[in-house]
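Hi,

Here is the structure I promised to pass on. Have a look first, and then read my notes below.

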Amino acid sequence: MSYHFNEIEAKWQDYWAKEQTFKAENHSDKPKYYVLDMFPYPSGAGLHVGHPLGYIASDIYARYKRHKGFNVLHPQGYDSFGLPAEQYAIQTGQHPAITTETNIKTYRRQLDQIGFSFDWSREVRTSNPEYYKWTQWIFMQLYESYFCNDSQMARPIDELVTVFEAEGNHRINAACDDGIDLFSAEDWKGFTSEEQQEILLKYRLTYLAETEVNWCPALGTVLANDEIVNGVSERGGHPVVRKKMTQWSMRISAYAERLLQGLETIDWTDSLKESQRNWIGKSVGASVIFNVKDHNETIEVFTTRPDTIFGVSFMTLAPEHELVSTITTDDQKATVEAYIAATAKRSERDRMADVKTISGAFTGAYAEHPFTKESIPIWIGDYVLAGYGTGAVMSVPCGDQRDYDFAKHFDIPIPNIFEGVDISEEAFSDKEKTIIANSDFLNGMSYKKATKRAIYELEQIGQGEGKTNYRLRDAVFSRQRYWGEPFPVYYVNGMPQMIDKQYLPVVLPEVEKYLPTEEGEPPLGRADVWAWDTQKNEVVANAFIDDKTVFPLELNTMPGWAGSSWYFFRYMEETAKRGDVFASEDALKYWENVDLYIGGSEHATGHLLYARFWTKFLKDRGFVTVDEPFKKLINQGMILGTSAIVYRVSGTNKYVSKGLKNDYNTEEIRVDVNLVDASDEINVDALKEWQPQFKDADFILEDGRYEVGREVEKMSKRWFNVVNPDQICEQYGADSLRLYEMFLGPLEQAKPWNTAGITGVHGFLKKLWKLYVDDSGLKVTDAEPTKDQLKTLHKTIKKVEEDIENFSFNTSVSTFMIAVNELTAQKCTSQDILEPLLILISPYAPHIAEELWSRLGHSESIATATFPTFEEKHLVESTKNYPISFNGKMRFTLELPMDMSKDDIEKTVMAHEKTMAQLQGRAPKKVIVVPGKIVNIVG
């Protein structure tokens with residue numbers, strides 16, 4: 001009987017769906033285990049073979065844990081708000097919800113055909129109103145909270161109001177905006193309602209503020225730093241400029257230290273932890289205040305090297321610094337404004353990464369040195385960022401290479417404050433070897449001593465203090481898009497008001513177009529029905545806005561990371577019980593957090609950081625029981641595409657085969673990889689039909705064939721190297737796809753896809769099938785297993801269990817191949833061997849395992865079977881085949897028990913007829929016995 005994989009896989013996928021085989025329970029005597037993948041954005045292109053890599057790995061582990069007796073939660077859903085659907089809506093007029101629903105159907109079909117053990121009963125979609133109702137609710141909880149620095153946790157804003165009413169803000173130690181004036185209880189009571197709201201907004205964990213943002217005119221929206229690549233938008237490659245806008249922001253900076261400390265408690269890779277540490281960017285140093293000459297202004301800087309205070313020869317402000325326009329002299333105004341305009345066209349990441357370009361402009365203003373009172377010129381430079389620290393640096397060119405290069409370029413003095421150091425060629429930055437010179441009271445001191453003394457002296461004159469700083473900035477939370485979560489916010493006299501929880505969700509309105517308005521408002525500005533009636537407590541037409549009972553709603557929507565920052569908690573609750581809470585207390589206590597999270601490393605400083613922030617906040621406010629969302633996290637590597645390249649002779653419509661390209665001046669053009677066979681020959685007729693540019697082209701062949709070039713690179717539609725899993729499943733089966741993706745190499749590493757290689761694992765599955773089934777049907781018997789068969793089984797159990805626990809899935813596939821080869825050679829038909837072998841293989845190739853399991857007489861899914869137990873005794877050899885040597889030359893072998901004593905070995909060997917024949921009656925001089933190794937008779 002042949003292995004009809006298409007029929008088998010369809011049969012068992014249908015069975016799992018009908019029987020809800022993988023549905024998790026929120027109450028069980030079994031220990032819990034929560035396995036989660038980073039949920040996908042449902043793009044129009046569907047999945048390619050690179051996408052399932054992490055899903056297959058997590059599925060193997062989830063199935064393995066079920067076999068090991070765990071109650072496993074392994075859900076899936078969709079991060080379904082996103083810019084691509086909105087861009088498509090702009091181009092076609094089709095509502096993003098329709099596009100998204102169509103794409104989700106494609107994704108679901110593709111995911112189902114690969115045989116994942118997802119609990120689809122708990123599916124979430126971030127764009128569903130019943131889901132984003134709770135995203136809106138979490139936003140409201142953030143708005144109603146502040147961060148207490150003393151307790152290092154979020155507290156209700158009402159507690160802050162109580163303190164203000166009793167004693168003002170003199171003793172408040174909270175994360176807040178800079179420059180808040182002190183006020184008394186009497187002052188607070190005397191403020192108008194709007195003034196009180198403005199003050200509270202400066203403390204809230206989500207707040208409105210004018211901030212520098214990355215504005216993409218082509219997309220009509222603000223982009224996060226991680227949405228910009230090489231100075232342009234990741235989506236579409238459009239220019240991005242810096243611009244000031246009033247935006248909602250999240251005060252994630254308040255959690256900087258807790259986010260750092262939390263990394264010590266979770267099982268993540270060192271590289272991923274380091275990415276977050278660098279992004280948070282903790283620095284210990286001092287805050288220093290410089291007075292601006294001829295202005296009633298001060299400039300605050302943060303420095304990690306207060307010991308170098310006497311080496312300051314200029315100051316550099318970020319071009320966006322608020323003081324620039326105030327202090328710039330008339331003579332320098334045009335130069336400064338031109339520089340600011342040029343800088344606005346560069347993203348922050350671009351500015352940070354560009355260490356070669358030296359640029360700046362002198363403001364014409366001077367600061368006063370806090371100790372020497374000397375004048376220090378104030379420049380602006382794009383290497384200083386407004387959002388990092390204070391947006392200003394005290395420039396010490398002798399101790400910082402970037403300052404050194406800037407000073408050299410603009411002919412600024414470089415005073416040397418280091419004893420015995422030559423700075424004629426470069427700056428000196430070795431803190432440990434530093435001895436301070438030319439620095440008044442710091443002379444002769446080491447870095448550590450000078451740092452302490454400098455801070456002390458600054459504090460004495462009221463122009464500085466010791467300080468810990470973080471690079472992590474508050475996260476902009478507004479997007480000028482349509483397809484995102486609406487804010488549950490309306491405005492009264494310009495001040496934000498929250499819509500009561502009982503009236504959530506605030507659902508996206510209908511709009512005529514999905515573009516910003518002609519006045520530059522976000523797309524929601526086009527809605528006719530987008531105002532809040534405070535008497536009816538519902539959304540009404542804009543025409544009714546009267547600023548008495550009907551008020552305008554927020555026009556921005558939330559960013560893409562809003563819904564993904566808490567979705568893992570939503571999965572914990574069974575769908576039927578998702579009502580008045582985002583997840584019930586019982587469900588949250590039972591599942592706690594994700595035990596294993598698998599996804600791409602590109603989310604290190606985006607989603608993973610925001611999710612940790614929201615989890616810590618929810619824990620502070622008593623809504624969840626854990627401080628970290630993901631216990632263990634693994635980043636899967638990327639499956640690379642193998643692009644196909646044809647060679648066009650420059651200036652012609654002629655294409656030459658790979659071996660002839662050096663004879664011509666050629667250009668490389670990538671073509672559809674699916675037109676190329678395993679020998680790298682392209683189907684020229686198919687290529688001519690593929691795109692018009694090839695229809696009338698001439699092709700110069702080699703030996704009657706056109707051979708393409710190959711290039712391993714990211715699998716992308718752009719390079720036409722995408723391989724669709726539908727084709728692989730149709731031709732080879734889902735089990736072959738699953739095994740092959742694991743077989744390609746270690747999970748965390750990048751590896752190239754080669755469709756030709758899948759035939760090897762497909763052949764293995766055919767061989768596995770034949771081990772159980774022949775032309776007459778099932779050939780498994782109740783025969784007693786042999787010692788060799790037991791040895792093969794148990795070494796396989798041992799290796800596979802070790803591999804799964806270590807996420808070394810690629811070596812398991814090799815182990816399966818060895819086991820099947822050995823058992824085939826041993827002509828094994830024993831059910832005692834072949835039944836547990838199926839359980840071992842089932843996490844990797846579940847369809848064939850289910851089919852053979854049922855043919856062995858089982859009525860329940862193999863998913864319920866217990867993982868086989870490894871028994872060491874089957875790997876321990878009971879006998880040893882001893883080489884028997886005479887004067888060092890082996891003459892014959894003799895099998896003896898491993899536990900036989902040295903004396904008994906000698907007696908048995910000496911009594912053997914072959915020994916007698918060798919000795920021919922002579923008495924040996926010596927008999928050397930090494931138990932378990934050799935016997936040597938010296939004659």
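**What I found**

Of the contacts (heavy atoms within 4.5 Å) between residues at least 6 apart in the chain's sequence, 71% link residues at least 24 apart. Before you go on: this is a predicted model, where local features need pLDDT of at least 70 and side-chain atom pairs count only at pLDDT 80 or more, while totals for chains, interfaces and linings use all residues. Residues are numbered from 1 along each chain as its sequence is written, and side-chain values use heavy atoms, with hydrogens and water left out.

The C-alpha trace spans about 115 × 75 × 75 Å along its principal axes. DSSP runs give 30 helices and 36 strands; helices are H or I with at least four residues, strands are E with at least two, and numbering starts at the N terminus.

Strands β3 (residues 145-148) and β4 (residues 153-156) run antiparallel and are joined by 4 bridges; strands pair if DSSP finds at least two bridges between them. C148 sits opposite M153 in β4. This hairpin has 4 residues between its strands, and Q152 takes a positive phi near 55°.

Further along, there's an open, antiparallel sheet of 3 strands in the order β21-β20-β22. Its edge strands, β21 (538-540) and β22 (550-552), each pair on one side only. Strand β20 (residues 531-533) pairs with β22 over 3 bridges, and D533 faces V550 there.

Cheers
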